[in-house]
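Here are my notes on this one, in numbered points. Have a look at the model first, then read on.

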Amino acid sequence: MNDNLLNIKLEFAKTAVKMAGEFLKSHLHDELEITEKSRFDDLVTNLDKAVQNQIVSKIGERFPKDFILAEEDGVRHDISDGNVWVLDPIDGTTNFIVQRDHFAVMLAYYENGVGKIGVILDVMTDNLYWGNGAETFKNEIKLSLVARPLRQSLIGVNSYMYRTNAGGLLDLSRESLGVRMLGSAGIEFVAILDGKIWGYFSNLSPWDYAAGAILLAPFGYVTTQLDGSALDFDGRQMMMTVPEGQLSEIRKFIK
Ligand code: 2AM
Ligand code: CA
Ligand code: CA
Ligand code: CA
């Protein structure tokens, strides 16, 4: 696709995500309708669905031939087939419900499985992270990032994987300064971009990592399964986002 149309789509994505953030902030003190999905700790609110519906309608109006893969209500399309928007309307729903903080709106755009646009909004700080896979910006500032050695870093982990040493994560963590668990994949990805954590290990669905993978790519980060193979952008999988240059260190522990 030509660059001009991609730029139009990038601006569209930034605007749609920013409007979703304003919408959420304007409803921050509403009483939420909370529904259980697979379990008591897998929740969705009326506002997750409202944001998804708003962004899905906007994509449909503006780019009617494009497809959508989104978390709620079974909006599914194969990432490898054509122009696909990937949406997580509220990432960190539990944080949203309990803390009213540390949640994100995430939108990505892929063409035949190749990441072209990633946008993550940290709603309560108003920081918008966006990029095209070659460059990443935080608001108007172009980011640069050089990963520290693991022994001088913190790592973001999924609590279940950490306590069960899934894939060797507990062993790897002993080579770091410690672990952090933020409760939102999006907030973990932007914490890497801000240099606060070195990498992230979790068990995620495609809408959880689609935007973050694109935003980290310019800095030599890879987002893969624990064994280094490609994520399938289909079901939930154990994954990692780590500096490619340090893979040999990681391989001593993560399998
Ligand atoms: P979500 O809030 O959009 O569901 C921490 O729980 C992170 O893992 C969040 O980014 C959350 O995204 C994601 N996650 C993925 N699958 C989940 C599940 N079944 N239950 C809770 N969180 C899940
Ligand atoms: Ca969810
Ligand atoms: Ca999510
Ligand atoms: Ca979500």
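1. Going by DSSP runs numbered from the N terminus (helices: H or I, at least four residues; strands: E, at least two), the protein chain has eight helices and 14 strands. This is a predicted model, so local features need pLDDT of at least 70 and side-chain atom pairs pLDDT 80 or more, while totals for chains, interfaces and linings use all residues. Residues are numbered from 1 along each chain as its sequence is written, with chains lettered from A and ligands numbered from 1 in the order written.

2. Domain 1 puts 30 residues into the contact and domain 2 puts in 22, where contact means C-beta atoms, placed from the backbone, within 7 Å.

3. Which element gives the most to the side of domain 1 that touches domain 2? That is β6, with six residues.

4. Now Asn158, found in the loop between β10 (154-157) and α4 (159-163). Asn158 is buried because 21 other C-beta atoms lie within 10 Å; the cut-off for buried is 20 or more, with 12 or fewer for exposed and partly exposed in between. Beyond its neighbours within four places in sequence, Asn158 contacts Phe201, Ser202 and Asn203.

5. For the chain overall, 40% of the 255 residues are buried. The C-alpha atoms fill a box of roughly 50 × 45 × 30 Å along the principal axes.

Conventions. Contact = placed C-beta atoms within 7 Å.
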